[in-house]
Amino acid sequence: MPKTYDAIIVGGGHNGLVCAAYLAKAGKKVLVLEKQHVLGGAASTDEPFPGFKFSLYSYVVSLFRPHIIRELDLPSHGLEIIPLECSFLPLPDGDSLCRWADPNLTRREIARFSQKDAEVYPEFGMAMMKMAYFVKRIIDAPAPDPLSNSPAELINLLRLGRYLSSFGPDVMYQQFKMLTMSAVDFLDEWFESDILKAPMSVSGIIGTFLGVRSPGTAYVLLHHYMGEIDGAFRAWGFAKGGTGGVSLACGSAARAFGAEIRTKAKVEKFIIKNGSCDGVVLENGEEIHAQSVFSCLDPHRTFFKMAGEEHFDDDFIRQLKRYKLRGSSGKVNLAVDRFPDFSCRPGDGAHVRGDIAIAPSIDYLERAYDEAKYGDFSRRPYINVVIPSLVDPSVAPPGKHVVSCFVQYAPYDIKEGPEHWPERKEAFGDAVVDTLAEYCPTLKDSILYRQIHTPWDMERDIGLTEGNIFQGELSLEQLLFLRPAVGWSRYRTPLKNLWVCGSAAHPGGGLMGSPGELAAKTYLGSLKGPQ
Amino acid sequence: MTNGRSSKKYDVIVIGAGHNGLTTAAFLAGRGRKVIVLEQRDVLGGLACSEEFHPGYRSPGVLHDTSSVRHGLIKSLNLASHGLSLDPEPPAIHAPVKDGNGLSLHHDAQKAAREIAKHSEHDAERYSEYRAFVDRVRGFVNGVFDESPPGLGTIDARTFWPVMKKGLGFRRLGKHDAVELFRIIPMSLADWLDEWFETDRLKTLLAAPAIRGAFVGPRSPGSAINLLLWECRKGPSVKGGPGALVTALEAAAGGAGAKIRTSARVKEIGISEGKVTGVTLDDGETIDGAVVAASVDPKTIFLKLLPVAAITEKFAQRIANYRAKGTTAKVDIALRQKIEVGGNAGSSVEYVRTGENLTQVEKAFDAVKYRLCSSTPVLDVCIPSASNRDFAPDGGSSLSVLVQYAPYDLEDGWGDRQRELLGQRVVETLADNIPGVKESVVGLRVLTPADLESHYGTSGGHPYHGDHAVDQLFVRPSPECARHTTPIGGLFLCGSGSFPGGGITCAPGALGARAILKHS
């Protein structure tokens, strides 16, 4: 049978597009199929209301790997990242805390709450950065497999061990603790002020179904210190034109290398013949054949819906069935007719040109989690707000603004059953607006349009099973060589010619691009060497 | 030690005569060391001390379960010759349910499966597989926890081989079990138990021992490993309970020549040029010794008993950061009558665990996060009088109840009223599960975590001298003293705050003794 393409990539999210770009760059004939009318999946920008461009789901850029930006020359394809200027925490008593890019300003701010914490804060940053270097080596390469018997793998492991131990016992100990401790326990070791710890601890829970006091959340704090933009370590930013700007730049790079990209092309099923994945069937019945198929969908979609359980052995299926997705977050996007003024710090100064956290105390965050544990959305949720229109006027009409609210917790599995989310959706949106309005009294009257994404919507609209933004919990038992299943963390699957390249592969979710890059490189490597 | 100037000079001074301190003393005295044990209370045993809490009624100890005691140690100390005997197998544990017969979990896997089958065929089959899994990994897991851990970042020729051997042992488990072990470490009890079973009552019964050691609920990641450790260690328990174990250890230590003193509270550990010189007691008496083995908790040792200048600020910070806030209260109840559990009149049920489902247990945990007591606590009950007449007068029963969850730092502070309220809640929860209890109460002793601290001297009132969280299990209590040695020459750890942790295992005591023999 003639093969039309070398590779078909199912899903035009940022990982699929990165994968496509790398394959096309190596001279492969590549086709990307995206079911939505815009590229980007969870990292997309759309204009649902005239003049207002929303970063629909993902809203800031921090983890995108800088070498991918270089290797694919993304700036020349329109990628521009504007750094966030501040992390702003409004407080219910009218006070607030700003952590600025300038360390001196930050120290003065923190000192208002604790002199000791102000002194320790830069030290903490240094320690975290050291540890981020430690993990980078693991993130930028396929996962080491301690269960493999191949001598090359053992040597690789020993090398990694030697590299890690070269950091010395103190860093190793910290690292070990970070992997298993809760974000709050870890921060308790450094700081005393709740007002500093609460907004810092939230980076440990984003996208997970855990609370800030749950063990295992400290590790994710590191991710905050791993972001690199233009080589500046630890920088966060907005992508110009919304987060979809990242995906569009990847798509443009892929096209420039010769890849073909089709939107509104929904894949219905993989074509499997004689134990090999030969191509895909689209919703409209069109069959497209290829040498290999790359799926950047989550494992449930890839293996159960697109391929079919019958093609895999029991052990593999058992592992996928226990793979935890459990979406826990929602997104509320608001189009407003005036600047949303925070009563504790009025004006549209630099403090709002960054991320704004509604996270007034650790107990507040923990109570938000408790509600979710028993199957309800948080009445008073953690909200991470950004107002991208302040720094990028292209996303809203003059004088008007876009307010993007990332909200936790909104569990997929509400007690009424996930299928009842549509009835609860508006109440969820109200809870978010009400909570935010406590800090921002003019907000309610200024809302022109409101867009609410619950985990149920994310599953239906962009195909994330259970609405998990990382395509699977980032808990240790689902990371590294265990992601998504033991023995299958290297982008191959048990089905011949089927590969995975999405967030459900090592090193996992977040706007990183690594799974797409590593999948492409692993595949290209397998063509060269004997396997 | 030939230049001893007084009879008060010892080779080893052991601080604390709990089961671990006595174990250390017995081992070292048995190897010819001149040992003295100093206990601050007027009785021996610490948290394993059996005491009369109401006229005629005795508790088995604050901790009541002896099924984890390491049997190799019992043999090597020849405790049998000092009067210790074991029950042939671990006792059955009963989980009562309202309006039903409940679930009795026998230690024998087949008997247990038959009992479980009355509730769920699926779970009966899975339980057999679960026990088979535990049987397969037991040797490896106990091997890891019965020896001192390797130091972090100090892989040299001497430590390399033991690590390599463990690594090979891990691989020998086979891929399936090795992956399973790796996976369990970060998992939550709820996730792990949900993978195995569907019966709520079975899951809460199994989860009970694993939530006691740390600030966790069943849904907290990192809690599953505590269950696996408990399952792997479980074996026959000591006849007569913790008190009988303490008596045998006392006899073994004393028989080997160790001197044991009660009402001798150590005020300070003497240091000169970074080395231990001895200890000073409350009354000013000084006892000289080149080695001090401390079985009290790490915060007490390093932050209270040592002069501030003796340790570096960094190390002091690490010990201060060591998490040891207890969440367990202890209630001893004297009952006028024999009690009847699950309609099993006449049968002697010795262990009962409450808790209908893991969500209820999780809700009980939520309270303690906000420094409150659970309104519906989860109880782990031992009824020592069921099989042993020493614990209660004829016709009566003595109940030893470990209560989850009660915070160390209660929001309003612990006073008589709060203590009383806790006692009432426990009796009411018990009465829901065992009819007739409420009417039969003649005496009650409530020990809150704050009481455990003031009575037994354990910081934070933690019954295990510190959380059994993953990081504190493998590196306990800090990298400087994870292998029972400390930065101070001659000072060693031998209590529950050192590897491999709390509970009545006697393992820290034995490993502490081994470290002393090796280094001094």
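Across the interface of chain A and chain B, ten salt bridges are found, in what is a predicted model. One of them joins A:Arg322 to B:Glu180, whose closest N and O atoms are 3.9 Å apart, and this pair counts as a salt bridge because the cut-off is 4 Å. Polar contacts between chain A and chain B amount to 16 residue pairs, with both residues at pLDDT 80 or more. On the side of chain A that touches chain B, helix H6 (169-180), helix H7 (183-188), helix H12 (314-322) and H13 each supply at least two residues, and H6(A) gives the most, with seven residues.

The extent of the interface can be described by residues and by area. In chain A, 36 residues are in contact with 37 residues of chain B, and the area buried between the two chains is about 3300 Å², of which carbon and sulfur atoms give 59%. Within the area that chain A buries against chain B, A:Leu147, A:Tyr173 and A:Tyr374 supply 20%, more than any other three residues. Inside chain A, A:Lys321 lies over the face of A:Phe304, at 6.0 Å from the ring centre.

The aromatic rings themselves form the next topic. Over all chains, the count comes to 40 aromatic pairs. Among them is the edge-to-face pair of A:Phe294 and A:Tyr523, with 5.1 Å from centre to centre and 85 degrees between the planes. This pair links distant parts of the chain, as A:Phe294 belongs to strand S14 (residues 287-295) and A:Tyr523 to helix H17 (residues 514-528), 229 residues apart; both A:Phe294 and A:Tyr523 are buried.

A stacked geometry is found for A:Phe377 and A:Trp421, because their planes are at 25 degrees with the ring centres 6.1 Å apart. A:Phe377 lies in the loop between helix H13 (362-373) and strand S17 (382-386) of chain A, while A:Trp421 lies in helix H14 (residues 421-437), so the pair ties together parts that are 44 residues apart in sequence. A:Phe377 counts as buried because its relative accessibility is 2%, and A:Trp421 is likewise buried, with a relative accessible area of 0%. In chain B, one aromatic cluster is formed by B:Tyr127, B:Tyr130, B:Phe133, B:Trp192, B:Trp196 and B:Phe197.

Note on methods:
Residues numbered from 1 in each chain as written. Chains lettered and ligands numbered in written order. Predicted model: local features only at pLDDT ≥ 70, side-chain atom pairs only at ≥ 80, totals over all residues. Heavy atoms only, no water. Phe/Tyr/Trp six-rings, centres within 6.5 Å; stacked < 30°, edge-to-face > 60°. Helix = DSSP H or I, 4+ residues; strand = E, 2+ residues; numbered from the N terminus. Buried < 20%, exposed > 50% of the residue type's maximum accessible area, 1.4 Å probe, protein only. Lys NZ or Arg CZ within 6 Å of the ring centre and 35° of its normal. Contact = heavy atoms within 4.5 Å. Buried area = accessible area lost by both parts, 1.4 Å probe. Salt bridge = Lys/Arg side-chain N within 4 Å of Asp/Glu carboxyl O. Polar contact = N/O pair within 3.5 Å; in protein donor to acceptor, adjacent residues only side chain to side chain.
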